[in-house]
Amino acid sequence: MPLRIVVTGASGGIGSALLRIARSRGDFVVGISRRRSEADVHYDCDVLDIQCLKQAAREVGRVDGIALLHGHGDPKLWTRKVEELDANDFFQVFGVDVVGSFNVVQAFLPNLSSGSSVVFVSSTPGLVGDVYGIPYAAAKGALIALARSLAKALAPVRVNAVAFGPIETGWVSWISPQELAAFRERTILKRLGTPKEAAEAIYWLLSPASSYVTGHVLVVDGGESL
Ligand SMILES: NC(=O)c1ccc[n+]([C@@H]2O[C@H](COP(=O)([O-])OP(=O)(O)OC[C@H]3O[C@@H](n4cnc5c(N)ncnc54)[C@H](OP(=O)(O)O)[C@@H]3O)[C@@H](O)[C@H]2O)c1
């Protein structure tokens, strides 16, 4: 049966790939991002604007799944050293990634049925840490705790997370060729993942094919974190 899914970060690299997969399978997609997306219905909500999200939820009706693909992507925070970071850097990233994800789930709660599935998006630094992007790593770790907490709180709605390694989207466009080569080298498969490979993992968790999987973190990183 076709799914009705909400995709945040719908204008982004992995979000667009998920839209294409869902469309090819006949699903109905509600896109959320500040820039327009190719979704069937699009809402240009900031994930920190709870009223905008609630209005979207009132309009779209039943939802079978939510993919939380938005993410704070300011490269400046990535390269800042420990002594250069301040509280605001953490508030910014935690605001968009963690509070924003919670806002979306809370706004769409009335639309979810017992068979629905929610997918949070984390990252390998959220599992193993990193010397770069420390606020990002901390927020991505927090998202895993949030996903597992909501898996307990919202059951039988399923709540899972994916932890991506380096995926070839605009998000990595600001990384130097040398650093990208190092990312590649750190994976066992010796390459970056494609947006489609990342989106397929999310689609599996959204779909009834994963109906007995909840509170899980699916690592999609070409073996980077091993
Ligand atoms: N690419 C990678 O290597 C990689 C690795 C690990 C994890 N991830 C995670 O995977 C997710 C998707 O990444 P991507 O590579 O597809 O990134 P991307 O192309 O930069 O997309 C990021 C998306 O987040 C949305 N967004 C950012 N701030 C927002 C806000 N305040 N309100 C609403 N939407 C907001 C952007 O939409 P607008 O600007 O239109 O609002 C955009 O659609 C992110 O959570 C990222 O951290 C990516």
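Biologist: The largest cavity has a volume of about 100 Å³, and the model we are looking at is a predicted one. What makes this space a cavity and not a pocket?

Modeller: The word cavity is used because a 1.4 Å probe fits there but cannot get out, whereas a pocket is an open set of points. By this rule the count comes to 1 cavity of 30 Å³ or more.

Biologist: Which elements give two or more residues to the lining of the largest cavity?

Modeller: They are helix H3 (75-79) and helix H6, and H3 gives the most, with 3 residues. The lining includes Trp 78, Tyr 136, Trp 171 and Trp 174, and as a whole it divides into 8 nonpolar, 2 polar and 1 charged residues.

Biologist: Those four residues also form one aromatic cluster. Why is the pair of Tyr 136 and Trp 171 called tilted?

Modeller: The angle between their planes is 35 degrees, and planes under 30 degrees apart would count as stacked while those over 60 would count as edge-to-face, so this pair falls into the remaining class, tilted. Their centres are 5.4 Å apart, and since a pair needs centres within 6.5 Å, the two rings qualify as a pair.

Biologist: What does this pair tie together?

Modeller: Tyr 136 lies in helix H6 and Trp 171 in the loop between strand S6 (158-164) and H7, so the pair links parts that are 35 residues apart in sequence.

Biologist: What makes the link of Cys 45 and Cys 52 a disulfide?

Modeller: The distance from S to S is 2.1 Å, and the cut-off is 2.5 Å, so the two cysteines meet the rule. The count by this rule comes to 1 disulfide. A disulfide is a covalent bond between the sulfur atoms of two cysteines. With -80 degrees about the S-S bond, this link is left-handed. Cys 45, at 2%, is buried, whereas Cys 52, at 22%, is partly exposed.

Biologist: Turning to the open space, how do the residues that line the largest pocket divide?

Modeller: The largest pocket has a volume of about 1,100 Å³, and among the residues closest to its centre are His 70 and Trp 171. Its lining divides into 18 nonpolar, 18 polar and 8 charged residues.

Conventions:
Residues are numbered from 1 along each chain as its sequence is written. This is a predicted model: local features need pLDDT of at least 70, side-chain atom pairs count only at pLDDT 80 or more; totals for chains, interfaces and linings use all residues. Side-chain values use heavy atoms; hydrogens and water are left out. On a 1 Å grid over the protein atoms alone, a cavity is a set of points where a 1.4 Å probe fits but cannot get out, and a pocket is an open set with protein on both sides within 12 Å along at least five of seven lines; lining residues have an atom within 4 Å of a point. Grid points are joined across faces, edges and corners, and a volume is the space filled by probe spheres set on the points. Ala, Val, Leu, Ile, Met, Phe, Trp, Tyr, Cys and Pro count as nonpolar, Asp, Glu, Lys and Arg as charged, and the others, Gly among them, as polar. Rings of Phe, Tyr and Trp (its six-membered ring) pair if their centres lie within 6.5 Å; planes under 30 degrees apart count as stacked, over 60 as edge-to-face and the rest as tilted. Helices (H or I, at least four residues) and strands (E, at least two) are DSSP runs, numbered from the N terminus. Buried means under 20% relative accessible area, exposed over 50%, partly exposed in between (1.4 Å probe, protein chains only).
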